[in-house]
Amino acid sequence: MMLVRKAAALFAALTLLSCATQTDEREMNYLASALTKISAAVDATVRYGALAPNVTDDQVLEMATSQDPALLKNFAGQTVRVIRQGENSAVLVCERVTGKALLEDAGCTAKMDLHRWNMAATRTCEPVLDLNRVCGQ
């Protein structure tokens, strides 16, 4: 009887943990909308800002959101990376703990580019967009 209770408690805990860590489609769509604003700001900073040659990606993100720091509020607890290829840029959002890629968006496009949270093949926090192709250069 004691073993059955322990097994039931363990099963319940694992079920709750599984539900708590699953990515919610509605939440991801909300974050995707917020991310397009950040990627557009990063794009303008990279494309039109007079950036020093040694400026880091973190500094680019900080400069791009300096007029509206609340843009990053939705991404607290996650990793937000700036990706640059020449004058083109993208922003990649990943789970901080697992490193799972969630969203990737090029600043040169109006729409959200990749919902990586539901793509089995691209789970790592590394960019997959070819910005020269996506941005038409």
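I began with the term I needed: I count a disulfide when two cysteine sulfur atoms lie within 2.5 Å. With that rule, my search of the whole structure turned up 2 disulfides.

**Ground rules.** I am working with a predicted model, in which local features need pLDDT of at least 70, side-chain atom pairs count only at pLDDT 80 or more, and totals for chains, interfaces and linings use all residues. Residues are numbered from 1 along each chain as its sequence is written, and side-chain values use heavy atoms, with hydrogens and water left out.

**Fold.** I listed 4 helices and 4 strands in the protein chain. These are DSSP runs numbered from the N terminus, helices being H or I over at least four residues and strands being E over at least two. Along the sequence I read the order as α-α-α-β-β-β-β-α.

**First pair.** Which cysteine is joined to Cys-94? I found Cys-125, with an S to S distance of 2.1 Å. Cys-94 sits in strand β2 (residues 88-95) and Cys-125 in the loop between β4 (114-115) and α4 (131-134), so this pair ties together parts 31 residues apart in sequence. I read the torsion about their S-S bond as about 90°, so this disulfide is right-handed.

**Second pair.** Next I looked at Cys-108 and Cys-135, whose sulfur atoms are 2.0 Å apart in a disulfide. Cys-108 belongs to the loop between β3 (101-106) and β4, while Cys-135 falls in the segment after α4, so I noted a link between distant parts of the chain, 27 residues apart. Here the S-S torsion is about -85°, so the disulfide is left-handed.

**Pairing.** When I number the bonded cysteines in sequence order, the pattern is 1-3, 2-4.

Cys-94 and Cys-125 are both buried. Cys-135 has 16% relative accessibility, so I put it down as buried. Cys-108 has 30%, so I marked it partly exposed.

**Whole chain.** Of the 137 residues in the protein chain, 36% are buried. I also checked contacts, meaning heavy atoms within 4.5 Å. Among those between residues at least 6 apart in sequence, 51% join residues at least 24 apart.

Terms used: Buried < 20%, exposed > 50% of the residue type's maximum accessible area, 1.4 Å probe, protein only.
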